[in-house]
Amino acid sequence: MTNDLKTNASEDTIETDALIIGAGPCGLFAVFELGLLDIKAHVVDILDRPGGQCAELYPEKPIYDVPALPIVTGQELTDRLMEQIKPFGPVFHFSERIDGLERQPDGRFKLTSDAGTVFLAKVVIIAAGGGSFTPKRPPLDGIEGYEGTSVFYSVRKIESMRGRDVVIVGGGDSALDWTLNLQPVANSLTLIHRRDDFRAAPHSVEKMRVLVRDGAIRLLIGQITHLGGSSGELSSVTVKTAEGEQQIACNALLPFFGLTMKLGPVANWGINLHENLIPVDTERFETSERGIFAVGDINAYPGKLKLILSGFHEAALMAQAAHRIVFPDKKVLFQYTTSSSSLQKKLGVK
Amino acid sequence: MTKITFIQPDGESQTVEVENGLTVMEAAKLNDVAGIEAECGGACACATCHVYVDEAWRAPTGQPSDMEEDMLDFAFDVREGSRLACQIKVTSEIDGLVVRVPAKQF
């Protein structure tokens, strides 16, 4: 997406026919089905790229049940969908999460992202899969009480870590990158990982080893078992290593245990939910709120199967229903892309 | 059919019988064993089917692959015998397998 659009967004409201929440395969295909019916879409996703679970959980793993593609990886499927929807010019807003949704007096929906982007949409399509990807919280007693003050799952400003006793946990790129970036500003830095093997890029691991050798940082092979501190301020962590338990001074803890999916703000939008899923009807795939649709893994109806192909079908039917709201005075003429010159024009067929 | 026993953190145990060829994660899900989430559905991509293989069963269940070892970095309280249940195939060799479910899967 263009940066201009993103900058303007903080001052101006983005008006769109449809706002799609989630850029996984179902959200992407919804762009296609809406596009065939002249419904323009903006797409918001908390990840920094399209593909949803396909990109985040299994980009390299083969999928065998997408019709007509005997084997396709999560990444290939995403790439092909991006190519397929290109003619419809969807506008993507990555690394953003929709937090607020309110119906306006004119029937449209006002949606606000955590980055402050405001959208006004005639219809909303929730294609949020298993929910939004959020950092995993280590199940240590009392950790919630330190979050935001001493426990951080991401670092926005390196300066905020100046002079602190930083403990980083993990063995992937996030853990290693932050170890290298924060070492110069931290008062002390300890990297904790459960084993002496690191998934992170080899050159980062090499740099980290040099810092350990020079005594600039400490590396502990073990796991955190206990947090010590009071009134939201962490003062120590207890680490269990092969040699036993030890307490180390810490007032900034950065755990990097990957991402998990949480339903998130969807729960606060006044839509009926059932066991963290959104019940829909199977004609329109509309939620309990008119104009808000749900497709893909996040919806529920009798006989529901969490398959990509089911989400594609749901998107096609949803688009018909969305059309009635976006263009109440227009009739939809059912057409095939093979034979319809008007559909082919939309698809850019020459 | 192969028997697998799941022991919960509170000591409660549940023995299930499943067909060979499934995974231990699938055996747990089919029998509603508590504490095995398997968020990713068995793709070795989430570490929410973490179990501790009882000492006696570590040889027949084998060692985690490199991919599984990497994914175990995302599990909490990894110990000797930590495995991802989706990566253990059910075979006659592991008939009677005992695994412990961790207190938390994250």
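1. Contact between the chains. In this predicted model, 17 residues of chain A are in contact with 13 residues of chain B. Sorted by class, chain A's side of this contact holds 7 polar, 6 nonpolar and 4 charged residues.

2. Chain A as a whole. Chain A has 350 residues, and 40% of them count as buried. Its C-alpha atoms fill a box of roughly 70 × 45 × 40 Å along the principal axes. The chain contains 19 strands and 8 helices. If contacts in chain A with a separation of 6 or more are considered, 61% of them join residues 24 or more positions apart.

3. The largest nonpolar core. This core has 119 residues. The members that touch the most other members are A:A30, A:V124, A:I125 and A:I126. Helix 2 of chain A, residues 25–36, gives the most to the core, with 8 residues.

4. Helix 2 against helix 7. Two packed helices are described by the angle between their axes and the distance between the axes. For helix 2 and helix 7 (residues 308–326) of chain A, the axes come within 8 Å and cross at roughly 35°. The crossing of helix 2 and helix 7 of chain A is right-handed. On the helix 2 side, the residues in contact are A:P25, A:C26, A:F29, A:A30, A:E33 and A:L34. On the helix 7 side, they are A:I308, A:G311, A:F312, A:A315, A:A316, A:M318, A:A319 and A:A322. By class, the residues of this contact divide into 12 nonpolar, 1 polar and 1 charged.

5. A residue of chain B. B:V51 is found in strand 3 of chain B, residues 50–53. Is B:V51 buried or exposed? B:V51 has 29 C-beta neighbours inside 10 Å, and because the cut-off for a buried residue is 20 or more, B:V51 counts as buried. Not counting residues up to four places away in sequence, B:V51 touches B:R83, B:A85, B:V99, B:R100 and B:V101. B:R100 is 49 residues from B:V51 along the chain, yet their C-alpha atoms are separated by 5.6 Å.

Definitions and conventions: Residues are numbered from 1 along each chain as its sequence is written. Chains are lettered from A and ligands numbered from 1 in the order in which they are written. This is a predicted model: local features need pLDDT of at least 70, side-chain atom pairs count only at pLDDT 80 or more; totals for chains, interfaces and linings use all residues. A nonpolar core is a set of buried Ala, Val, Leu, Ile, Met, Phe, Trp, Tyr and Cys residues joined through C-beta atoms within 7 Å. A residue is buried if 20 or more other C-beta atoms lie within 10 Å of its own, exposed if 12 or fewer, and partly exposed in between; C-beta atoms are placed from the backbone. Helices (H or I, at least four residues) and strands (E, at least two) are DSSP runs, numbered from the N terminus. Two residues are in contact if their C-beta atoms, placed from the backbone, lie within 7 Å. Ala, Val, Leu, Ile, Met, Phe, Trp, Tyr, Cys and Pro count as nonpolar, Asp, Glu, Lys and Arg as charged, and the others, Gly among them, as polar. Axes are lines fitted to C-alpha atoms, for helices over the stretch in contact, and angles run from 0 to 180 degrees between N-to-C directions. A crossing is left-handed if the near helix is turned anticlockwise from the far one by less than a right angle, and right-handed if clockwise.
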